[in-house]
Amino acid sequence: MAAASLVHSSLCRPSSFLHQQYHHHRFRTFALSIPFPSSGSPASLFSSLSSGSPQKKSRWAPVAAVLEVGGVKINAIYEYFDANYSGKFVKFDNLSPIVSTKENFDDVLVPADHVSRSYNDTYYVNANTVLRCHTSAHQVELLRQGHNQFLVTGDVYRRDSIDATHYPVFHQMEGVRVFSPDEWQASGLDATSYAAMDLKKSLEGLACHLFGDVEMRWVDTYFPFTNPSFELEIYFQEKWMEVLGCGVTEQEILKRSDRMDNVAWAFGLGLERLAMVLFEIPDIRLFWSTDERFTSQFSEGQLGAKFKPFSKFPPCYKDVSFWISDSFTENNLCEVVRGIAGDLVEEVQLIDNFTNKKGMTSHCYRIAYRSTERSLTDEEINQLQWNVREAMQSKLNVVLR
Ligand code: FA5
Ligand code: MG
């Protein structure tokens, strides 16, 4: 899960300011506000939260072509698992994204003081209810229902940084596979090594199935629910991009679901990130674009399709320096910036950080404004930056320099 510092701020809670601002996006199921681009598409995603809504289809319509992209990549992953595990993986793709803190955190052993539990990282509906920040929230209920091999696909929500590979709403697919003792005993390996080997083999196989020849690497990492834990990175746009987290399930999770004698692996992959590699889509914001020049490229939903950039509009950089307060967090700043500039903000990056003799800390952030669809005028950007500065002062309790 995203590592971010745990600092409390009133801004972390669903605020009436944000609620009013996004009111027109019609969150009908709950009064929770998430700063989404004013261009509209993510709102259609939200309305689908009220499951069974008759309008669901039409709300999705503006991003239909993009979802087609999603449809293709999900099918390709399903195909892989069906082919390699003779259809034994059970698929779930309509579990509610509104889950209890128990499901999202406790059931998967997330410690009480883990950063991901903070209002700074997760969208809380109320003290005991969140918008799931990962599909791992469903692991335990499905294990308890008796499933031993399953895939869970769904929308997940996070307060996070802003750049080409992060967005506050995205999609994950969770995979879980439970082994019985005879499966590893025959191998001569211990249970954990066997599961880790099978996990890496399965995911490398999936990457080959999806991408063919790409450069990838395994990185050791930490998750509260797996040990050992790994991330898979793919070399994309001259950088290593993390596409999934995975590992051998903690025995405690199996114990709690009556699988004392078993071992299991689990993974959670970022579907937009996979699609970015698959279709050479350079920026995650494009998944929310209603621009014909983008959507028309994927309307066929062909696996071999590659994104043809229609033109790259120039970015405009604005720096903002300020003395931080104790409650300052980067996620809060990003939420303020996204709340004002929507999808016109491409990146928010800390470029300078120092503490003076009096112990006051100054940060300088560089905000990159760039539309994926058109050129922005100077006036428009100046106005955005002005509004961002105003909002920073009133919402973040920082002193601009
Ligand atoms: C998790 O969410 C773990 N639940 C994954 C897992 C499952 C590990 C089962 C072990 C066992 P992480 O926070 O790294 O891990 O997110 C998983 C993937 O989601 C990332 O690799 C990335 O592909 C994607 N992702 C994370 N944050 C964002 C974001 N803000 N925007 C888009 N994609 C994201
Ligand atoms: Mg990660």
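This is a predicted model: local features need pLDDT of at least 70, side-chain atom pairs count only at pLDDT 80 or more; totals for chains, interfaces and linings use all residues.
Does Glu 280 count as buried, partly exposed or exposed, and at what relative accessibility?

Residues are numbered from 1 along each chain as its sequence is written, chains are lettered from A and ligands numbered from 1 in the order in which they are written, and side-chain values use heavy atoms, with hydrogens and water left out.

To the opening question: Glu 280 has 42% relative accessibility and therefore counts as partly exposed. Buried, for comparison, means under 20% relative accessible area, exposed means over 50%, and partly exposed lies in between, with a 1.4 Å probe and protein chains only. Glu 280 sits in the loop between helix 10 and helix 11 (292-295). Helices here are DSSP runs of H or I with at least four residues, and strands are runs of E with at least two, numbered from the N terminus. The phi of Glu 280 is positive, near 55°, in a residue other than glycine.

Glu 280 follows helix 10. Of the nine residues in that helix (residues 271-279), nine are buried, so helix 10 is largely enclosed by the rest of the structure. Among the buried residues are Glu 272 and Arg 273, together with Leu 274 and Phe 279.

I turn next to the packing of helix 12 (residues 330-341) and helix 13 (residues 378-396), whose axes come within 9 Å and cross at roughly 140°. Axes are lines fitted to C-alpha atoms, for helices over the stretch in contact, and angles run from 0 to 180 degrees between N-to-C directions. The two helices are therefore oblique to each other; angles under 35 degrees count as roughly parallel, over 145 as roughly antiparallel, 65 to 115 as roughly perpendicular and the rest as oblique. On the helix 12 side, the contact (heavy atoms within 4.5 Å) includes Val 336 and Ile 340, and on the helix 13 side it includes Leu 384 and Lys 395.

Lastly, a cis peptide bond joins Asn 227 and Pro 228, with omega about 0°. Pro 228 belongs to strand 8 (residues 226-236).
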